[in-house]
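Take a look at the model first, then read on.

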Amino acid sequence: MTVIVTDDDLDGLVDTDALIAAVRAVHVDEALGRAVQPVPTLTETGPDTVLLPMIATSHRLGLTAVKILTDARANGPGDGPAQQSTIVLLDARTGARRAVLTGGRITRERTAAATAVATDALARPDARVLGMIGAGPLAVEHVTALRRVRDLHTVLVWSRTADRVAEFRTALRKREAADGVSPIEVRAAADPRAAVEACDVLCTVTPARTPVVEGAWFRPGLHVNAVGAPPRPDHREIDSAGMARATVVVDSREIQLAKSGEVRLAIADGSTTPDHYATELGDVLAGRRPGRTGPEEITLFNSVGVALQDLAYAALALDLGP
């Protein structure tokens, strides 16, 4: 029997620490050949709408996930969010349907979990100040997850409007109360540069088409998580100088080279080469490649989001792990 799972069903179902561990495990699996995820093919389905089917198989879990993601930039108030997704979970051997899950909550929580895994692997151990460019629901998830891997005491958040920052603060306080954790200090940054120059760990969670963060602002020892840009090769949050200055770790090299605007545009203008993106997160976690090699190094995790992370979440939610 196929289980139908909605976002409401998933509310509070998956423990954050367990999800971080599950996402870490599937990235190690891929590095060691225990999981696969091919490069997805982007299809235009409307004047400003694309469809991205994302597929991953975990041999260890015996599961295949197929995520159907749509990105419709022109959506208005009655059309739903710009990004919408559905995840079909299959038995990897028999092909039998195990579950169909709505993807909104899963995408937010697994994305933040992946950022936490990367931050734990790459950020300085003494990181205490988090910079947040963007203040939507994904930003709340990121603060929640990153507090599990670093002893953060301050969030410097920038958004285009003061109302958005106020909404972020309210939503974060509600989440902290639900999780039973003490409130973290939240301060509004005057502009993106102010947030970047004052933080130890930076997260960008905006659907930007043109860069909102410049590499010239990076200070020694910073760790950056570039998370928000959609899987379109003409979108990016970090400029080419930022990509060139940093030691870059990616979630999936082949998918990044095909889908990431940060990567493709920095290569196109000659700031970097494909070899700059040779290190995957799973390689660092498995000890096959170095991550941070010194306290002054600038590190950057570039994330487009991969189906293995959705699979990890679905397996936890449905108690299908080993």
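A residue is called buried under 20% relative accessible area, exposed over 50%, and partly exposed in between (1.4 Å probe, protein chains only). Thr206 comes in at 12% relative accessibility, so Thr206 counts as buried. This is a predicted model, where local features need pLDDT of at least 70, side-chain atom pairs count only at pLDDT 80 or more, and totals for chains, interfaces and linings use all residues. Residues are numbered from 1 along each chain as its sequence is written, and side-chain values use heavy atoms, with hydrogens and water left out.

Thr206 sits in the loop between β11 (201-204) and β12 (223-226); strands are DSSP runs of E, at least two residues, and helices are runs of H or I, at least four, numbered from the N terminus. Leaving aside residues up to four places away in sequence, Thr206 touches Ile133, Gly134, Val212, Gly228, Ala229 and Glu237, with contact meaning heavy atoms within 4.5 Å.

Now for the pockets. On a 1 Å grid over the protein atoms alone, a pocket is an open set of points where a 1.4 Å probe fits, with protein on both sides within 12 Å along at least five of seven lines; lining residues have an atom within 4 Å of a point.

| Largest | Gln83, Leu138, Val205, Pro207, Gly228 | 49 residues |

In the largest pocket, α3 gives the largest share of the lining, 5 residues. In the second largest pocket, the largest share, also 5 residues, comes from α5.
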